[in-house]
Amino acid sequence: MSDAYIIDAVRTPRAIGKPGKGAYSHLHPHQLAATVMRALRDRNNLTVTDIDDIIWGTSAQKGKQAGDMGRMASLYAGFDPTVSGVTLDRFCGSGITATSFAAGQIAAGFEDLAGGTEMMSLITAVSQEEMKAGLMPMGMSIGNPTLQKMHPQSHQGVCADAIASIEGISREDLDAFALESQQRAARAMAEGRFDRSLVPVYDEDGSLVLDKEEYPRPQTTAEDLAKLEPSFGKIASFPAPGGKLSFRELINQRYPDVEIQHVH
C-alpha cells in the first residue's frame, strides 16, 4: 500500500447562497469547480496528464450540477481530455467523502485529486422552477412511500430543532454559539488565516467576481440574533414532498413524545 498525502487545498470564497443575491448566482457551477482545479494545477506545477482521475463531490446532482461535474469541470478548466472524472453524492458530506475515496484509491495505487462543489442558490432556483411547472420535489426518499415509512426523512432544519429539543439545547445557547462563530470568522479574516487557501473567482470576461468571504456578519450582536424569528417553525407544518405527513409528523413517527421547540 502506498502513502496518500494532501499536498495542497484551495477553495473559492464563500458567497451568499440565495437566488439572484449572491456574487456567484449568475455563474455556472463548472466555473467554480474549474477555478480550484486550475489553482491546484498552477500552484503545484502539475502536469495534468499525470492525473489518473478526478473524484468530485456534489450534493443535489440536478440541473447544472448534474452530468458528472468532476469530468465536465476538468474539461472546462482546460485539462487534457484523457483525464477522467467521477462525481459522488453524500449530501453535505460529499466533499470530505470525495477526499476519503481519493486517499483510498491513491493508497491502493490508482487515482489522484479530489474536491467538491455546491451552489445552494442554484439548487433553490431549480426547486422553485420545478414547483412552478407543477413538479413536486421528491425529497430524500425519492417518492418511495415504503422507504419513507421505514426511515422517515424530514427536513434537515426541523431535524436540528428536534435534536435541540431532545438534548435540551436552548435558543440562547445557539445564539451565543452563532455570535462566537461570527466573531471568530471576523478575527480569522482580519488575521489572514484563509489567505493561503482562498483563490479569487473571475467571470468569463476576466472581471473579478469575488476574492473574499461574502457572508460573515461580524457586526452581529446578541440582541440582533434574539430578534430573529426561528428559521424552521413554519416549514415544520408543510407536507413533506411525495407524501401527506408534515415534516414535524415524520419526526414524531419515530419520536412520538418529542415536542419540537424551534430554536435555530
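Phe91 is partly exposed, at a relative accessible area of 46% (partly exposed lies between buried, under 20%, and exposed, over 50%, with a 1.4 Å probe and protein chains only). Phe91 sits in the loop between S2 and helix H3 (94-107). Its phi is positive, about 50°, although Phe91 is not a glycine.

A word on the source. This is a predicted model, where local features need pLDDT of at least 70 and side-chain atom pairs count only at pLDDT 80 or more, while totals for chains, interfaces and linings use all residues. Residues are numbered from 1 along each chain as its sequence is written, and side-chain values use heavy atoms, leaving out hydrogens and water.

Next, Asn45. Asn45 also has a positive phi, about 55°, and is not a glycine either. Asn45 lies in the loop between H1 and S1. Asn45 is exposed, at 67% relative accessible area. For context, most residues other than glycine have a negative phi.

Now the strands (DSSP E runs of at least two residues; helices are H or I runs of at least four, numbered from the N terminus). Five of the five residues of S1 (residues 53-57) are buried, so S1 is largely enclosed by the rest of the structure. Asp53, Ile55 and Gly57 point one way, Ile54 and Trp56 the other. S1 and S2 (residues 84-88) run parallel, joined by five bridges (pairing takes at least two DSSP bridges). Trp56 stands opposite Thr87 in S2.

Last, the helices. H1 (residues 29-43) packs on H2 at about 70°, axes 8 Å apart. That makes H1 roughly perpendicular to H2 (65 to 115 degrees; under 35 is roughly parallel, over 145 roughly antiparallel, the rest oblique).

Definitions and conventions: Axes are lines fitted to C-alpha atoms, for helices over the stretch in contact, and angles run from 0 to 180 degrees between N-to-C directions.
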